[in-house]
Amino acid sequence: MATTEAADGDAQAPPGSRGAPDTSPSALNRILLVVITGSLMSVLDMTIVNVALRDLSHAFGAPLETIQWTATAYTLALAAVVPTAPWTMARIGAKRAYLTALVLFTLGSLLAACAWDAPSLIAFRVVQGLGGGLLMPVGMGMAMAAADRERFGRTMALLGLPVLVGPVAGPVLGGRLLDSLSWQWIFLVNVPVGALALVLAVRLLRPDAPRGTAPAPGLDVPGLLMLSPGLALLLYGLARGGERGEFATPGVLLPALLGAALMAGFVRRSLTVRHPLLDLHLLRDRTFAVGIGTLALFTCGYFGSMLLGPVYWQQVRGWSATATGLLGVPVGLAVGTTMQIASRRVDKVSPRHLILTGIVVGAAGMALTGLLIGVEDVPAWQPVSASVLMGIGAGMSLMPTTTTASRDLPRDRMAAAGTALSINAQVCASVGTALVSVVLGSAGQDPAGFRTSYLVAAALLTLALIPATRLPTGRT
């Protein structure tokens, strides 16, 4: 079997073409094993740390507002480095870029576990964020370039599993680690996983030259100085606005507006220079542009609503963090199972019809969850069942849309497509979270307020129907 796999890889990569992507099934499976391991570690870390903020506040004797910077600093570092993924892959090769990301993330995790006060923890979380910012776009770019059209749906289904299941499993794992061990273990748990991912990456990823034999273009420094700070400032403003429940204060409004202005300047520049940091000409592809629009609206509503469940069950119903996390397990199973089926079926059925159905199911489940939570002392199984319906809709929508948007792009543009999708997901999830937080703060943290917030999220999902009607009905 090993001989056959090696022969398949050699057939795809003749001598002298070391930088050409190996599209054999064995090569794709090796890439997926490495990328899924690294992605799951990164996604779980983000959700675990969010659960542990109060414990960290007590451990370091620091205000919660200070400890929240452990999450904010990670997000800002991640946002700053994500736009550099295509250039990094072109400059040093995809394998070296991914190994660099794994080393930074694992080292940052170990250092965070050794933190002696809040500022040192925040600094080490920045190191983690620098690695985490490259893990997703580089991993996605490698897998998308290695997958042929017939296996693209399966590939995207597997790539999306950590992103959708992690937020469900993370709170459960975080609760157990905090209850049974200590806060250090929320970071130490990443070290063996990171070491495993490093070993797998060294052994399984094919050595690649940066873009074959052609020299990589120079880094678009003006573009980097606009996009990375712009993205970080915008996400910071949205996060702070969501925490405070208002956007009119200077500390929230100014960073958000400055970030938006810098990103607008980047868009203008990227459409005129020869070698932009991020190739926005991808949006000239109608299917990719429509897919991005659909994902933007659905991501706003779906990921924006994720803060509602934990807050409701803990603050209104008085449940523990571990019990609250367990309530999310059925939803995670529904999302993961549906996504695996739908992302494979999108290669064989009408993408438009599948995704439209998923959006309708997801919006209906979201609205029903809100209506049920608005009832005093509703039995837990009822809103959980409605959330499962919402999860089924998400599984039918998110990764199938990503697959449809990007599978017909040229292979040499997959790295840029992966980065664009990552930035889109970060920005829209932050916008949705901020919007839902403001709605919840205005409506009140009682059953009626949660009902209103869920209905707003359902409306965002429903708006995704508009661009989704322009998705293709078959393969192009």
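Of the contacts in the chain with a separation of 6 or more, 83% join residues 24 or more positions apart; a contact means heavy atoms within 4.5 Å. This is a predicted model, where local features need pLDDT of at least 70, side-chain atom pairs count only at pLDDT 80 or more, and totals for chains, interfaces and linings use all residues. Residues are numbered from 1 along each chain as its sequence is written, and side-chain values use heavy atoms, without hydrogens and water.

The chain has 22 helices and 0 strands. Both are DSSP runs numbered from the N terminus (helices: H or I, at least four residues; strands: E, at least two). Of the 476 residues, 55% are buried. Buried means under 20% relative accessible area, exposed over 50%, and partly exposed in between (1.4 Å probe, protein chains only).

The mean pLDDT is 80, and 88% of residues reach 70 or more. Residues 1-19 have pLDDT below 50, yet this stretch has 18 contacts beyond near neighbours in sequence. pLDDT is the predictor's confidence in each residue, from 0 to 100. Where it is low, the predicted coordinates should not be read in detail.

Now to single residues. Thr403 sits in helix H19 (residues 381-406). Thr403 is buried, with a relative accessible area of 0%. Leaving aside neighbours within four places in sequence, Thr403 contacts Phe152, Gly153, Met156, Val346 and Asp347.

Leu368 lies in helix H18 (residues 351-373). Leu368 is partly exposed, at 38% relative accessible area.
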